[in-house]
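Visitor: I would like to learn how to read some local features of a model. Could we take them one at a time?

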Amino acid sequence: MLRILLGLIGAGFAAALLASLGTDLATSFSTPAEETAEHEFHKHPKALALPSDGPFGKYDRQQLQRGFQVYKEVCAACHGLNLVAFHDLHALGYSEGEVKAIANQWAIAVPTVNTETGEAATRKAIPSDRFPDPYANETAARAANNNALPPDLSLIAKAREGGPAYVYSLLTGYRDPSPELLRKFPDAKPGTGLYHNPYFANLNLAMPPPLTGEGQVTYAEGNPRPTVDQMSKDVSAFLMWAAEPKLENRHRYGVAVLIFLLIATVLGYMSYQNLWASAKRKVAPVGPLDPVNKAKRTRASRKAGVKE
């Protein structure tokens, strides 16, 4: 009796769940989702070709140095890079002396503690330090940026759909809202302290255009002109390196593993052919022509008096 009662209770729960599912499906099909400005006017990242793309891609060290210069002179004022250390810049082609100079001259001091008084203090950075945050804490960061929190850029190229193409599109995508957008969604107009960018998720963001004109960063001789487009590409490449500093090693290992697997497959197939080339498959005769079966049939026929 108890089993029957528990079965009925379970069946009731299952029926309620099925009814709820059916109601939700009917509602979703009968009532289409309301159109939003973000859904209709948000744009996917523009195409961006970098030397590091593809299975054989490699970083362009000169481009990475230009991108680091853009980060240092423009982005570092608001955005941290706290998963990257100064000594990691060796991979960009900087010498040991240059890395020490970059760390020593970094505009943001490293927080520390005065060993004599125990009070908070600051000091100049050294190569083993990670890039310091521009703000003491989240509260200070929001207070200085209209309550918006500037994200750390260490993994931004991996954390956003499109990777470095998203960063490039965002930096070059600032514009006024289109008349069609404002006509269809008047509330989509940027408010005070906001800037329109169709490559941002909700179309408006608190960060003003960081790259505003050619020559904002001065490149050394022999480099491309520092246009907004070029600077955006360079800093996107640098942030890709910051997120994937071992990318070239992974590419090399991947190619080596594929070559090893290909050679191993060929050797395995050749070994198989060599070991089984002389072996012939033996199939035992079965059926009415099998000698054993023929003898049994003959004996049975004779015993029954049937002439073959």
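Guide: We begin with burial: a residue is called buried when its relative accessible area is under 20%, exposed when it is over 50%, and partly exposed in between. Keep in mind that this is a predicted model.

Visitor: Is valine 110 buried or exposed?

Guide: Valine 110 has 8% relative accessibility, so it counts as buried. Valine 110 is found in strand β1. Leaving aside neighbours within four places in sequence, valine 110 is in contact with Ala121, Thr122, Arg123, Ala125, Asp129 and Pro132.

Visitor: Which residue in β2 is the bridge partner of valine 110?

Guide: The bridge partner of valine 110 in β2 is arginine 123. Strands β1 (residues 110–113) and β2 (residues 120–123) run antiparallel and are joined by 4 bridges. Another residue to look at is valine 113, which stands opposite alanine 120 in β2.

Visitor: How many residues lie between β1 and β2 in the hairpin?

Guide: The hairpin formed by β1 and β2 has 6 residues between the strands. In the turn, glycine 118 has a positive phi of about 80°.

Visitor: Where are asparagine 146 and leucine 203 found?

Guide: Asparagine 146 is in the loop between α5 and α6 (156–159). Leucine 203 has its place in the loop between β3 (195–196) and β4 (204–205).

Visitor: Is asparagine 146 buried or exposed, and is leucine 203 buried or exposed?

Guide: With a relative accessible area of 53%, asparagine 146 is exposed. Leucine 203, at 1% relative accessibility, counts as buried.

Visitor: Back to the contacts of valine 110. What does alanine 125 touch, leaving aside its neighbours within four places in sequence?

Guide: Apart from those neighbours, alanine 125 is in contact with Phe86, Ala103, Asn104 and Val110. Alanine 125 is located in the loop between β2 and α5 (138–144), and at 6% relative accessibility it counts as buried.

Visitor: Ala103 is on that list. Which residues of helix α4 are buried?

Guide: In helix α4 (residues 96–104), the buried residues are Val99, Ile102 and Ala103. Seen down the axis of α4, these buried residues fall within an arc of 95°, so they line one face of the helix. Among the elements that cover them is α3 (61–73).

Visitor: How are two packed helices described?

Guide: The description uses the angle between their axes and the distance between the axes. Take helix α7 (residues 164–172) and helix α9 (residues 228–243), which pack at an angle of about 150° with their axes 9 Å apart. That angle makes α7 roughly antiparallel to α9. Their crossing is right-handed. From α7, Pro164, Val167, Tyr168, Leu171 and Thr172 take part, and the residues they meet in α9 include Val228, Ser232, Val235, Leu239 and Met240.

Visitor: At what angle do the axes of α3 and α9 cross?

Guide: The axes of α3 and α9 cross at roughly 100° and come within 7 Å. That makes α3 roughly perpendicular to α9. Residues of α3 in this contact include Leu64, Phe68 and Tyr71, and those of α9 include Met231, Phe238 and Trp241.

Visitor: What surrounds glutamate 40, leaving aside its neighbours within four places in sequence?

Guide: With those neighbours left out, glutamate 40 is in contact with Glu35, Lys184 and Phe185. Glutamate 40 lies in helix α2 (residues 37–41). At 32% relative accessibility, glutamate 40 counts as partly exposed.

Terms used
Residues are numbered from 1 along each chain as its sequence is written. This is a predicted model: local features need pLDDT of at least 70, side-chain atom pairs count only at pLDDT 80 or more; totals for chains, interfaces and linings use all residues. Side-chain values use heavy atoms; hydrogens and water are left out. Two strands pair if DSSP finds at least two bridges between them. Helices (H or I, at least four residues) and strands (E, at least two) are DSSP runs, numbered from the N terminus. Buried means under 20% relative accessible area, exposed over 50%, partly exposed in between (1.4 Å probe, protein chains only). Contact means heavy atoms within 4.5 Å. The arc is that of the directions from the helix axis to the C-beta atoms. Axes are lines fitted to C-alpha atoms, for helices over the stretch in contact, and angles run from 0 to 180 degrees between N-to-C directions. Angles under 35 degrees count as roughly parallel, over 145 as roughly antiparallel, 65 to 115 as roughly perpendicular and the rest as oblique. A crossing is left-handed if the near helix is turned anticlockwise from the far one by less than a right angle, and right-handed if clockwise.
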